[in-house]
2 protein chains.
Amino acid sequence: MSTHAIILSVGDELVLGQTIDTNSAYLSQQLSALGIATRYHQTVEDDEATVAEAIRAASTQASLIIITGGIGPTEDDLTRQALARAMNVPLQTDADSLRAIEAFFASRGRTMRQANCIQAQHPRTSSVIPNPVGTAPGIQAKLNDATIYVIPGVPYEMRYLYHHVIEPQLRAQGPATKTILTAQLNSFGAGESEVAHKLGDLMQRDRNPKVGTTVADGVCSVHIRAEFADSEQARTQLQRTIEQVRQRLGAIIYSQDEQTLAQAVVGLLTEQGKTVTTAESCTGGMIGSMLTDVAGASSVYVGGWVSYDNEFKKRELAVPDDLLAKHGAVIAPVAMAMARGALARSGGDIAIAITGIAGPDGGSDDKPVGTVWLALAEQSNDDAQTPAPAKALLLNLSGDRAAVRDRAAKSALQMLRLHLLDEPLDGIQWAVKQSSSPADDLK
Amino acid sequence: MSTHAIILSVGDELVLGQTIDTNSAYLSQQLSALGIATRYHQTVEDDEATVAEAIRAASTQASLIIITGGIGPTEDDLTRQALARAMNVPLQTDADSLRAIEAFFASRGRTMRQANCIQAQHPRTSSVIPNPVGTAPGIQAKLNDATIYVIPGVPYEMRYLYHHVIEPQLRAQGPATKTILTAQLNSFGAGESEVAHKLGDLMQRDRNPKVGTTVADGVCSVHIRAEFADSEQARTQLQRTIEQVRQRLGAIIYSQDEQTLAQAVVGLLTEQGKTVTTAESCTGGMIGSMLTDVAGASSVYVGGWVSYDNEFKKRELAVPDDLLAKHGAVIAPVAMAMARGALARSGGDIAIAITGIAGPDGGSDDKPVGTVWLALAEQSNDDAQTPAPAKALLLNLSGDRAAVRDRAAKSALQMLRLHLLDEPLDGIQWAVKQSSSPADDLK
């Protein structure tokens, strides 16, 4: 039979709804890229009999079963036992695993508990999958015609073992009967309906490659899925649709596949040999955090200020007292002063600044929650030009505090990216006004 | 039989992993509050036969089945047809539903498509659940001994129909035969096996209330579930177990239920009327971001520095040049100098600082990736005391760059919290050495 997968996730907290299972979706996506269709996901509680029954049922309906969760060191981790029950074999201890777990604890100067020993056990006739990134080894087994992999539910470990063990084995099983290739283009700045409108006929359901959109944290991603018998045709068609999508959406697309907006920005700064500094108020360090999340950010990011209160803005960034006193902190000239202050103190090439009202309190009729000013200042080649040239952008964001902060920080990164590319800033749909300095400075 | 539920979600995008199913978790939580246990969640593709088979299988294992998704107007919405197939009855059109759908489109000035007519159909012998918030009516049916509800997958509509139709019916079925109450205690600083070791017999599988643990992003949460016929007894027993867990784990528990570590810290600072400032290197603004994620943080957080490169550390935080030149940035005295520099410049009461190697590059035998120094400095009542008293804590973290940064930032918040509570810092298990200043300063 052709390979069909079933994905089981195990955990009381999942069935009770206290935790949302994201592993199954991740694994399906990965399998899909290999041309393996997932038949279903099932989430079951930490109960030996229930898990065993779910494994048995799955083993008659699919040739590949991936199970996540339930192999931790505690008493409510019973997937190991359930697998043994489904296979009708006893558990046995794997000496290598035991040594690896001992070594893991020793290397971290932590005490190994008796409970961790259970993690070295696996059903007889199954084999152990070493786990170099955690204490719970995985298990590989056969039941009926199904190959079963058990891996930890901790997302980082799950992904590691999938990519280092399971994926290579699946790839080695030879060519799939058809080729499914997928790509994802990520955009920031426009809503999903606007993106869909621009994509137009590319989104027709019966099209191949198929084009769909999803939104997560303000990022609208375009998913493309090409399914062809011929792998070369799949590749060509996928590439063609990628180009069509890029053409229709333009500069708001910042990356393909997994690259984040911050990675795209760090990449551009690196290419252009420029450094950046940050002055953040309402985002409190999020932009810095997003930039430094990228390995290698140190060559383009010198550091910055979280100028959360007004005294801090005045003292550290030389924001004029009378501006703050007269207009408060959420106006274009304050944003620009913050950017210029950071630029002057840091010695960076470009500064981005952000000041706004994240809510839930602090809004007014005049400046409702979600009002955010971004500013960008750049060192001029003409040293005589003081103050440094700057521009500001007003955002009107909706959503709760977390959403406003997240969109504000990402908008600042997108503003920086468009600036580096010499693209107009109007790709940021929720920016309603742009003011250029020094001429436009509020007096 | 007592009420057991099974939750089915239908959709290609869910099985393919393009969308994460959050409906099932939401519904389980709601049912749990009514004393109804969920047996399992299953996610199946938009295929009539597959959905019908999932419904049939579920109807023999539970008395309540809630199905979300697959009742939209497009060709791939097949849950209606699948239910009819499982029940072995034909579909029929409901005249009221048809009129309601027509009215819905008219009121929004939108054109009703032929495809929307299918949404007025339901299996014969089933009844229609009117949907005032969307175009897809729900369906209520009986199969074997199970009551089946089909509602839309759109979260807003799903929640509306659950709370306005399903929940009242479940409540009307008389008092629950038992009460299930849950609580969650969140700890940071110890691994899951250490937490389980301390909880000991509380985690026995047959105990009621049941105690389990999960780990996400370094936070080890203890889940407690009390299931009793008598609701008063459920409350008392839950409370008693909460106290036992608190007693055994001590100060590493920072909150109950949904409260984050940053919220706990902001709460404590507010109570004590103290302000904090931050000086972050490897975390690049994460601590500031976590603190300012809390509404009301402005009264306790003045702001801080992202002193990412060494020039920045010297110029802005007065970290001594020779210290950096001789030992690099990842040593206790640098962390303490950063904290003292931030304290002096900011005028805050307490400063926390962080400097470390987040990886993947930059590690050495001496200081591998994951080596992070935290420091805390506090204004002294004795103004003459210069430098301000400070303490430092060395962390040996494992995981990738994102994990190291996240654990480092959270450890800094936990360090601050333990300091505010006058608790020893040894609750942070991965801290391997503590050095107090100024005596311990590296010369």
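## The A/B contact

In this predicted model, the contact draws 72 residues from chain B and 70 residues from chain A. Putting the two chains together buries about 5,900 Å², with 51% of that on carbon and sulfur atoms. On the chain B side, the residues that lose the most area to chain A are Ser193(B), Arg205(B) and Tyr308(B), which together make up 10% of what that side buries. As background, the accessible area lost when parts come together is often used to give the size of an interface.

On the polar side of things, 36 residue pairs are in polar contact between chain B and chain A, counting pairs with both residues at pLDDT 80 or more. Strand β2 of chain B, residues 37-44, gives the most to the side of chain B that touches chain A, with 7 residues. Sorted by class, that side of chain B has 21 nonpolar, 34 polar and 17 charged residues.

## Strands and charges across the interface

What happens between the two β14 strands, residues 301-306 in chain A and residues 301-306 in chain B? They pair in the antiparallel sense, over 3 bridges. If you want a spot to look at, Gly304(A) stands opposite Val306(B) in β14(B).

Then there are the charges. The rule finds 6 salt bridges across the interface of chain B and chain A. Arg345(A) forms a salt bridge with Glu316(B), and the closest N and O atoms are 3.0 Å apart.

Glu316(B) also has a partner in its own chain: it forms a salt bridge with Arg315(B), with 3.6 Å between the closest N and O atoms. Is Glu316(B) buried or exposed? Glu316(B) is buried, at a relative accessible area of 1%, while Arg315(B) is partly exposed at 39%.

## Salt bridges within the chains

Over all chains, the salt-bridge count comes to 33. The general idea is that side chains of opposite charge can pair when their charged atoms come close. In chain A, Glu311(A), Lys314(A) and Asp321(A) are linked in a network of salt bridges.

With 3.6 residues a turn, an α-helix has residues three or four places apart pointing the same way. Both partners are partly exposed, Glu232(B) with a relative accessible area of 47% and Arg235(B) with 44%.

Lys274(B) forms a salt bridge with Glu378(B), and the closest N and O atoms are 3.7 Å apart. Lys274(B) is partly exposed, at 26% relative accessibility.

## Thr371(B) in strand β16

Strand β16 of chain B also holds Thr371(B). Thr371(B) counts as buried, with 6% relative accessibility. A polar atom of the side chain of Thr371(B) lies 2.6 Å from the backbone oxygen of Pro368(B).

What does Thr371(B) touch, not counting residues up to four places away in sequence? Its contacts are Val330(B), Thr355(B), Gly356(B), Ile357(B), Leu394(B), Leu395(B) and Asn396(B).

## Helix α2 of chain B

Helix α2 of chain B covers residues 23-33, and its buried residues are Asn23(B), Ser24(B), Ala25(B), Leu27(B), Ser28(B), Leu31(B) and Ser32(B). What covers them includes α1 (12-15) of chain A. From chain B, the cover includes β1 (4-10), β2, β3 (64-68), α6 (155-172) and β9 (179-188). After α2(B) comes Gly35(B), with a positive phi near 85°.

## An exposed glycine in chain A

Gly362(A) is in the loop between β15 (350-356) and β16 (371-378) of chain A. Gly362(A) is exposed, with a relative accessible area of 58%. Leaving aside neighbours within four places in sequence, Gly362(A) is in contact with Ile357(A) and Lys367(A).

Methods: Residues are numbered from 1 along each chain as its sequence is written. Chains are lettered from A and ligands numbered from 1 in the order in which they are written. Side-chain values use heavy atoms; hydrogens and water are left out. Contact means heavy atoms within 4.5 Å. Buried area is the accessible area (1.4 Å probe) that two parts lose on being put together, summed over both. A salt bridge is a side-chain nitrogen of Lys or Arg within 4 Å of a carboxyl oxygen of Asp or Glu. A polar contact is a pair of N or O atoms within 3.5 Å; within protein, one must be able to donate a hydrogen and the other to accept it, and residues adjacent in sequence count only if both atoms are side-chain atoms. Helices (H or I, at least four residues) and strands (E, at least two) are DSSP runs, numbered from the N terminus. Ala, Val, Leu, Ile, Met, Phe, Trp, Tyr, Cys and Pro count as nonpolar, Asp, Glu, Lys and Arg as charged, and the others, Gly among them, as polar. Two strands pair if DSSP finds at least two bridges between them. Buried means under 20% relative accessible area, exposed over 50%, partly exposed in between (1.4 Å probe, protein chains only).
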